[in-house]
Amino acid sequence: MLEVKKLTGGYSARQPVIHDLSFTVSPGEMVGLIGLNGAGKSTTIKQILGFLRPKRGEIRFNGRRMDEDPSTFKKRIAYIPETPYLYPELTLWEHLELTGMAYGISPQEVEKRTLRLLELFQMKKKLDWYPGTFSKGMRQKVMVMSAFLVEPSLLIVDEPFIGLDPLAIHNLLEWMMELKKRGAGILLSTHVLATAEQNCDRFVLLQEGRIALAGTMEEMRRETGMPEATLDELFIHTAGGNQS
Amino acid sequence: MNPVASLFRQRRRQAWIKGARYTALVAKGLHFLPFAVLLFIYFGYRAFLSGLPPGFPANLLMTVLLTWILTRTGIRTYVKPADPVFLLPAEEGLREYFRKSLLYSGIMQSLKVMFWMGFLFPLFHARLGDAWDFLAALAILIPLKVWNLWAYWLELREEDRPALLLLLRVGSNGLITLWLFSGRLFGWPLLVALVWFAWLTLYYRRMHSRNRIVPWDRLLRLEERTVSAWYRLAGHFVDVPQTGNEIRPRPLFTPFLRRLLRIRPENTYLYLYLRTFFRYREPFGVYVRLTGVTALLVAYLRGEWWLSALVLSLGLLLTGIQLPWIRRIHRYQPWFRLYPRPDMQKRTDWARLTFGLLAGQATAVVMLQWWLWKQPFPLLPLFLVIGWSMAWILGRVWLPKRLHKQSSLL
């Protein structure tokens with residue numbers, strides 16, 4: 001589904017932030033993108049989404065580069081950014097209606113999907129509210145709901161748990177698992193390692209813009225020689241060890 | 001010197017440097033516009049003065065304008081969102097900081113009064129008095145402006161009755177300026193005014209003694225409004241990354257917005273742009289104001305049809321150059337960049353909206369003349385054609401091309 005091949009890039013062509021990254025996300029798979037602050041997780045995501053142009057390497061979705069057919073690529077992905085950017089001039093309902101419109105979902109279908117999402121994230125009473133009155137968690141919920149409304153083939157999520165209440169985190173994870181079961185691929189960037197370990201199938205551990213460790217839990221344990229290690233321990237071993 | 005107190009000077013300096021840089025960039029991109037505006041002001045003002053009927057109430061016009069200029073007061077504090085956290089412990093320094101801010105604002109606001117009085121001098125001289133009377137009027141108006149600034153500074157702390165305080169100031173300013181421009185102030189009315197202002201000053205002081213907390217929220221909001229107004233203005237000519245603006249839900253328009261468009265992918269960006277236009281404080285406010293002013297000027301200059309047509313075109317141009325903001329504001333929104341729609345649609349939807357708004361404005365201006373002009377034919381239909389053609393050229397051709405050149409991110 002998603003194939004990142006020898007990707008090098010960043011904000012400036014002279015000073016790349018990520019170097020030679022190669023990994024894949026297959027249908028029905030959740031891949032955890034892990035790393036310290038500044039390791040290059042968000043930059044990698046921006047490269048995949050096409051917000052930044054790669055300096056070297058390529059990104060393919062279902063075998064095709066994004067610039068070959070941007071509309072089809074965009075139609076099948078959804079993105080939940082780390083910072084909840086909303087349109088201050090749109091109500092919650094209008095955010096969802098606009099998303100449905102952009103992705104060509106019929107108004108009846110938008111209404112049906114919205115009802116379920118509103119119940120799940122306890123936002124039913126806030127349908128006509130503007131984001132100015134929302135807490136950070138509520139704003140994050142709007143981003144999550146809009147992404148799920150699309151029912152994407154590839155979901156890219158950057159630090160989704162910050163600001164969400166425990167029930168919303170639980171529901172978000174359940175929904176991600178449901179999406180995965182339906183065959184969607186998920187790329188999840190997070191610092192909440194226990195949750196990542198429980199839910200992700202494979203991991204890509206970034207260190208100063210390079211892949212320091214990658215694979216399933218079993219593969220990473222074998223590579224580090226720590227057969228009983230948790231993801232937390234593997235992370236500290238790799239990131240902390242290299243730092244010292 | 002106290003570091004907090006010197007912070008004001010430092011921030012003022014930085015703001016002026018930034019302002020000067022933007023002004024230089026704006027001046028480069030203005031091309032013919034300043035000449036058109038100067039030409040319009042010159043001919044418009046001359047036509048206005050020469051066409052004034054003998055009984056024209058110049059004193060009332062001056063009263064209304066000066067009441068508005070005196071009451072509408074801005075305070076530059078240069079406060080930043082982090083200040084309530086970092087500057088709060090420095091109480092003494094803050095007092096000095098705000099004293100400097102008031103002094104600076106007093107000077108700037110006095111200059112504003114002088115500028116407007118200078119602009120109104122030909123009218124004053126033609127109808128109300130000689131140069132000495134003019135200087136006497138300035139001697140009254142400048143202290144009155146400084147008093148208004150002080151009163152407004154105290155009003156900022158008063159959340160409970162802002163309407164009453166505003167009414168008190170509007171009424172007092174209105175009465176003094178009416179007496180002044182009717183030539184009746186210097187005598188017993190001056191005594192009454194002095195007693196009244198002494199009482200008002202005591203009233204404000206008593207109010208202030210009850211509430212000495214720095215109104216950070218309001219100061220930050222005002223500062224953001226001032227800065228964003230400037231950025232928005234500059235943003236029409238150069239690429240300005242940061243422009244704040246306030247949301248006004250305007251629920252009256254919601255049913256209209258709901259029914260206006262069919263919910264389908266081809267209308268995605270138009271759906272968003274329409275709400276951006278109707279629900280942000282500006283450029284909707286500018287659109288309404290410019291429609292009103294253009295309609296009034298066209299009505300006033302109806303004797304010179306070519307001047308009216310020029311005013312109509314200029315009104316549309318001045319409105320049109322405000323509208324690219326509607327599209328630019330969204331460029332860093334990740335969703336806006338990810339919607340699976342052709343990139344070109346961002347531009348065409350914006351052009352559809354701009355043409356619609358400008359054509360609507362032209363129609364509103366022309367329709368308002370219908371009741372004023374004794375013989376609407378054949379000039380008014382011609383004006384409508386001129387207005388719509390101008391709307392088409394601006395909305396569909398010139399502005400989209402200009403906007404596309406300015407930013408590669410769109």
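**Helices, sheets and the A–B contact in a predicted model**

Helix H7(B) covers residues 162–181 of chain B, and its 20 residues should span 28 Å at 1.5 Å a residue; the end C-alpha atoms are 28 Å apart, so the two values agree. The expected span is 1.5 Å times one less than the number of residues. Helices (H or I, at least four residues) and strands (E, at least two) are DSSP runs, numbered from the N terminus. The model is predicted: local features need pLDDT of at least 70, side-chain atom pairs count only at pLDDT 80 or more, and totals for chains, interfaces and linings use all residues. Residues are numbered from 1 along each chain as its sequence is written, while chains are lettered from A and ligands numbered from 1 in the order in which they are written.

Buried residues of H7(B) include Arg169(B), Ser172(B), Asn173(B), Ile176(B) and Leu180(B). A residue is buried if 20 or more other C-beta atoms lie within 10 Å of its own, exposed if 12 or fewer, and partly exposed in between; C-beta atoms are placed from the backbone. Gly183(B), with a positive phi near 75 degrees, follows H7(B).

Helix H6(B) has 25 residues and reaches 35 Å from first to last C-alpha, close to the expected 36 Å. Among its buried residues are Leu141(B), Lys145(B), Leu149(B) and Trp153(B). Helix H5 (residues 91–127) of chain B and H6 (residues 131–155) of chain B have axes that come within 9 Å and cross at roughly 145 degrees. Axes are lines fitted to C-alpha atoms, for helices over the stretch in contact, and angles run from 0 to 180 degrees between N-to-C directions. The crossing is right-handed. A crossing is left-handed if the near helix is turned anticlockwise from the far one by less than a right angle, and right-handed if clockwise. The residues of this contact divide into 13 nonpolar, four polar and one charged. Here Ala, Val, Leu, Ile, Met, Phe, Trp, Tyr, Cys and Pro count as nonpolar, Asp, Glu, Lys and Arg as charged, and the others, Gly among them, as polar.

Chain A holds an open sheet of six strands in the order S6-S7-S8-S3-S9-S10, with mixed pairing. Strands pair if DSSP finds at least two bridges between them. S6 (77–80) and S10 (210–215) of chain A stand at the edges with a single partner strand each, so one side of each lacks a neighbour in the sheet. Neighbouring strands of this sheet are turned by 15 degrees against each other on average, direction ignored. Five bridges join S3(A) to S9(A), and the two run parallel. Ile34(A) has Leu205(A) as its bridge partner in S9(A).

A four-strand open sheet of chain A has the order S2-S1-S4-S5 and antiparallel pairing. Its edge strands are S2 (18–25) and S5 (64–65) of chain A. Five bridges join S1(A) to S2(A). Leu2(A) stands opposite Val25(A) in S2(A). Asn62(A) is found in the loop between S4 and S5 of chain A. Its phi is positive, near 50 degrees, although Asn62(A) is not glycine. With 14 C-beta neighbours inside 10 Å, Asn62(A) is partly exposed.

Between the chains, 22 residues of chain A are in contact with 21 residues of chain B. Contact requires C-beta atoms, placed from the backbone, within 7 Å. H3(A) gives the largest share of the chain A side, five residues. That side divides into 14 nonpolar, three polar and five charged residues.

Conventions. Two residues are in contact if their C-beta atoms, placed from the backbone, lie within 7 Å.
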